[in-house]
Amino acid sequence: MRIGELAAETGTTTRALRLYEAEGLLASDRGPNGYRDYPAGAALRVRNIRELLSLGFTIADVRWFTRYLDQELPPAFADGGSCATAMRVAGERLADLRARIDALTRLHDVLAARMG
């Protein structure tokens with residue numbers, strides 16, 4: 001599958017796919033013409049990368065989930081012991097999100113109070 005086809009199938013851009021490849025999250029073969037050719041499972045991998053990014057993970061965080069990117073992600077993360085680092089990273093992201101929500105709530109309350 002060529003890069004444009006993969007981008008269309010996954011609802012992303014070719015630029016994002018090149019970034020995922022440069023970051024080691026996605027691999028392709030190169031044809032004699034230099035075009036990227038992605039394997040059949042690349043679409044699932046890209047969708048999983050995008051889902052993790054949408055949950056607040058960074059590209060560096062997603063690397064901890066590499067072994068899970070080629071299968072359907074579970075609806076809930078479970079700490080089965082084999083993914084302790086990934087669970088730690090997920091816990092850190094959750095704490096970051098809570099801190100940001102708390103900060104935004106404080107800003108909201110101050111602004112709302114000033115508006116009467």
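Tutor: A residue is called buried when its relative accessible area is under 20%, exposed when over 50%, and partly exposed in between, using a 1.4 Å probe and protein chains only. Helices (H or I, at least four residues) and strands (E, at least two) are DSSP runs, numbered from the N terminus. The model is predicted: local features need pLDDT of at least 70 and side-chain atom pairs count only at pLDDT 80 or more, while totals for chains, interfaces and linings use all residues. Residues are numbered from 1 along each chain as its sequence is written, and side-chain values use heavy atoms, with hydrogens and water left out.

The part to look at is helix α1. Its buried residues are Ile 3, Leu 6, Ala 7 and Thr 10. Viewed down the axis of α1, these buried residues fall within an arc of 100°, so they line one face of the helix; the arc is that of the directions from the helix axis to the C-beta atoms. In general, an α-helix has 3.6 residues a turn, so residues three or four places apart point the same way. The cover over the buried residues of α1 includes α2, β2 (36-37) and α3, where contact means heavy atoms within 4.5 Å. After α1 comes Gly 11, with a positive phi near 70°.

Take the packing against α2 next. Helix α1 (residues 3-10) and helix α2 (residues 14-22) pack at an angle of about 105°, and their axes are 9 Å apart. Axes are lines fitted to C-alpha atoms, for helices over the stretch in contact, and angles run from 0 to 180 degrees between N-to-C directions. Angles under 35 degrees count as roughly parallel, over 145 as roughly antiparallel, 65 to 115 as roughly perpendicular and the rest as oblique. α1 and α2 are therefore roughly perpendicular to each other. On the α1 side the contact is made by Ile 3, Gly 4, Leu 6 and Ala 7, and on the α2 side by Thr 14, Leu 17 and Arg 18. By class, this contact has four nonpolar, two polar and one charged residues. Here Ala, Val, Leu, Ile, Met, Phe, Trp, Tyr, Cys and Pro count as nonpolar, Asp, Glu, Lys and Arg as charged, and the others, Gly among them, as polar.

Arg 50 is found in helix α3 and touches Thr 10, Gly 11, Thr 12 and Tyr 20, not counting residues up to four places away in sequence. At 32% relative accessibility, Arg 50 is partly exposed.

Now the charged pairs. A salt bridge is a side-chain nitrogen of Lys or Arg within 4 Å of a carboxyl oxygen of Asp or Glu, and by this rule the count is six. One of them joins Asp 70 and Arg 45, at 2.8 Å from N to O. Asp 70 lies in the loop between α4 (59-62) and α5 (84-115) and Arg 45 in helix α3 (residues 42-54), so this pair ties together parts 25 residues apart in sequence. Arg 45 is buried at 13%, whereas Asp 70 is partly exposed at 49%.

Asp 61 and Arg 93 also form a salt bridge, at 2.4 Å. Asp 61 is buried, with a relative accessible area of 5%.
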